[in-house]
Each structure stands twice: as structure tokens, then as C-alpha cells.
Amino acid sequence: CPAGYVCDDTGMYKGKPCPAGHWCDKGTATVSSSCLNHGILDASYSSLDTCFDNSTDDFGLQASYLPAQIWAERHLMPLDSDSTIQPIRGKFCLEESCLKYEDENDLGVFDKSFDYSSTGFALRRPHPCPQGVYCHPGTPTNMTISAGRASLFQCRDGVHCPEGSVYPNGIGSCKRGHYCRFGTRKPCPVGTYCPNEYTFEPLPCEPGTFNLMIGQAECSVCPVGYMCPSYGLRDPVICPPGMVCSRKGLASPNIRCPAGFYCPTGTQTSDPFRNDTTLRPYACTPGTYCLAGTGSNEVIEGEVSHAQFCAKGFFCEAASVSAKGSGPCPPGFICEKGTANPRPTPKGFFAEHSGTIEATACLPGFYAPTIENKDCYPCPPGSSCSLEGLFEAEECPPGTYRSDPEIGGFGSCIPCPQGTWSKNWQLREKGECTRCPTGVVCPLDGMTAPCSFDDLPQPFEPVVNFKGMPAFEYEFPIETMPQPFT
């Protein structure tokens, strides 16, 4: 039987045309086919599709087995930028391919009156027309040619032509979520969508959307905490540090992190006081300040996207918005760079003005017995403050006094004048020095006791060693003079 024809009965003098939707090689001996009638264009053909749809808008489940909230709390993405994409979600449809008979090219026929094996060639079944093309009746070959009725013809763009198609429109339009180039149906790949029927070219997802699934009629809307800045995104981009992505479908962040707070990646709200999420702004730590748009609590000086130290002379409580923080350091306190709480001046030091960076030591003649001093106290009468930075006044020793702080240099005690003496401590004026009584003298300044006869120097009397005891030299004659006493 010639190509393009079917000889399915005995005694035939002329073959039948190959059935529509098929092509017939030489020796085709039956019109039996495993293909459904794809020439019937009605609503029932949609039931031919066998599809499995596990689509979801959750980008975490599109790329992994963990939901998006888990990834958001970790400030991570399911896939690395260089990961190989293997879609696990979407609409997966089986193609309407025809069944393949084992005897398609070697049809077994039994006839008592004829031995078919004697012909030297095998009998065949009709072959279904390949996907993407359609076949008129009597098609003899599976080669597509441009002219002639008995040939394979390319289907139109935007229509679905499965195996065994009869018409240029195949079995109808390419359904949403798929695209059909020259009748061959394919699911829309990741990063694209096919919103309409008769689509022959998938569309890239627009900014604000993404898609990591196949066979989608719509792209997923970018979730809160993420942005989708470009076309054809397979997964969203986590909101950058210092910014807030508080709405769905954003192509770029919509809010800067408020001043005084820092926003890590994936921040979903600009309200730092929300307690229903961890993806919120956090107050900058005491001792630092944060400008609007700060993304890290780590201090890197000069980097405005990081927290900065509070300026010298000022202190910064939590959530400070400028280098001056909560204000200048009050008097009696000092504030070095990065001060969270003003530090009181130590004993012996003072800070007279606000905004003091370093405490000043009390001058000689003054002292500061406590902390948090705005000024130093004059050294009290009866004591001396001869050094800088004293927090305890030194008592004037016996033989000295001190009254007016301005007298006596830098707060030193003054000796009692000649003619007076004192055995007491802390004399507060010169009048407290005791006048020398009759019969004694006080020839020096600062005497602690008056001079008497016993204090006068004695004449020198040479002594000798007489039996181990001292004895006056004049008591012995020269010839029996003992050795000198030492």
C-alpha cells in the first residue's frame, strides 16, 4: 500500500486516504489509532489536560520547604544568587500525546490464504502527526513542506497543536499560564507569566512582582519586607539595611529608617514600638546616635549608614537622633566621646561649665571632698591645701596656723612668729599662738615649746673611762689619767 494511504481490507484495488491528523508510511494496514479526536473543537477538549497545581504566593515555599516568615526572621533568602533553579512549584501539565503501540511498525496480521511474511516488508499503523503541526487526510510523510495537500503544516502561534492535530488551530487557544510557539505548548518559565489565551511569548514579571514557579498566569506580588526592583525576577530582593519596605508590591523601599533607630535587612514597619514582629526598627544604643537611614548598630565613624559616637561634651541616651544627643553635659559632670550617661567629677576635681569634656583639678588653696563638683571649696582655716587635686585638707601641725585663705601663698600653714609657740594642731589665726612666759624665750618662728635654762647649751667637760664608767678628767692626776671615754 503506498505512502499516504491505508489498505485495511482484502481485495482492495485502491487505498483509502490516511486519516486526518496522521501520516501513513508504505504498508499501512489499519486506520486504528491511539489518538483522541483532536479535530473536535469544543469546550470538552479542556478535559484532556491532566494538570497538577501546587502554586503558592509564599516565596519561601516556592523555593524551599520553609515558609517565608522563617526566612524573613533569619534575614536570609532561600536561594543564593548563583543557585541552580529547579522549580518545585507551579502548574505541571501532562502533554496530550498519543499512546504508542508496540506493533506500530510491525503490525501482526493473520490470513489463512496469504503469507504476509513473504512480501519482505512489515505492515504498519498510522503515525500521529507530531506536536506543533497538523495533517490533512492522505499525508504520506512526517516532513513539513510548504506546498501540497498531502503534507505536514505548521500550526499558528498562540494555539495548541498536540499530536494528531487536524486543524491549523489545533485544539484551540493556548491556555493561560502557557505559551505556544507554532502550536507547541510550553509552561511559562520562572520569572515570567502568561496572562492571556493565545499567548506565544511569555512576559517578564513587572517590577513589584516575582515568580519562581512555572505555568503561571500571574506573577506573585512582592511581599512586605522585600522589593522587586526589575523585570523578570525569580524571587524578591530583601529590603536593604537602613530602609523599610512596609507595603506589598514595592519596586523600591518606601520609607527610610527613622532617625534614632537602625533597621536591619528585611524591616517591615517603620514603627519601632510594634511588639508583634521582630522585623522593625531598633533603638540605637546609649552613647551613639543614628541619622535617618541607618542600617547597623555597629559604629563605623564617617559611615552614615552606621551608628556614630556621641560628640564630646554631650551625652546620648537610647534612640538619639544627633551628635548632641540628649544635650550638653551638665555642670559637675564630664562627657567624653560616646558618653551614654554623664560621669560625675571625681574627688579633688570640678566641672564649672556645661559641656565639660575633662574635669579640672582643684588649685592649691582649694579642695573638693565629694564627687559631682561644680566648683572647689576654699581650704578651711587651720588647714592647708598646698597641692593640686586635693580632696582632704591637711591640718596645720603644732607651731603653725592659718587663718585667711588668701594669706600664706597657696594655702600653706604659717609658722607662729618669734616670741610665741604652740603645741596644738589646726590653729586658725595668729592670736591662737601662745606667748612665751616670763623666764623663757622663743627665738625662732614655729616653735612648739619655749626655751628654758635646761635648753641652753652646757660647757664641754672632758671625760675618761674609769672602770667602764664616765668620769671627769680633772679628777685624776696626769700620771694616772685613764683612757678617754667613748
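Proline 229 counts as partly exposed, because its relative accessibility is 41%. This residue belongs to a predicted model, where it sits in the loop between strand 15 (226-227) and strand 16 (237-238).

**Around proline 229**
- Leaving aside residues up to four places away in sequence, proline 229 touches Pro207, Val237 and Ala251.
- Glycine 208 is 21 residues from proline 229 in sequence, yet their C-alpha atoms are 6.4 Å apart in space.

**Disulfides**
- The count comes to 19 disulfides, taking cysteine sulfur atoms within 2.5 Å as a pair.
- One of them joins cysteine 51 and cysteine 93, with 1.9 Å between the sulfur atoms. The pair links distant parts of the chain, 42 residues apart: cysteine 51 is in strand 4 (residues 50-53) and cysteine 93 in strand 5 (residues 91-94).
- This link is right-handed because the torsion about the S-S bond of cysteine 51 and cysteine 93 is about 105°. Cysteine 51 is partly exposed at 35% relative accessibility, and cysteine 93 is partly exposed at 23%.
- Cysteine 155 and cysteine 161 are also bonded, their sulfur atoms 2.0 Å apart; a torsion of about -110° makes this disulfide left-handed. Cysteine 155 is buried at 3%, and cysteine 161 is buried at 0%.
- Cysteine 329 pairs with cysteine 335 at 2.0 Å, S to S, in a right-handed link with 75° about the S-S bond. Cysteine 329 is buried at 0%, and cysteine 335 is buried at 0%.

**The largest pocket**
- The largest pocket holds about 350 Å³ of space. Its lining has 16 residues, and Cys7, Asp9, Ala29, Tyr116 and Leu123 are the closest to its centre.
- Nine nonpolar, five polar and two charged residues make up the lining of the largest pocket.

Definitions and conventions: Residues numbered from 1 in each chain as written. Predicted model: local features only at pLDDT ≥ 70, side-chain atom pairs only at ≥ 80, totals over all residues. Heavy atoms only, no water. Helix = DSSP H or I, 4+ residues; strand = E, 2+ residues; numbered from the N terminus. Buried < 20%, exposed > 50% of the residue type's maximum accessible area, 1.4 Å probe, protein only. Contact = heavy atoms within 4.5 Å. 1 Å grid on protein atoms, 1.4 Å probe; cavity = no way out; pocket = protein on both sides within 12 Å on 5 of 7 lines; lining within 4 Å. Points joined across faces, edges and corners; volume = space filled by probe spheres on them. Nonpolar A, V, L, I, M, F, W, Y, C, P; charged D, E, K, R; others polar.
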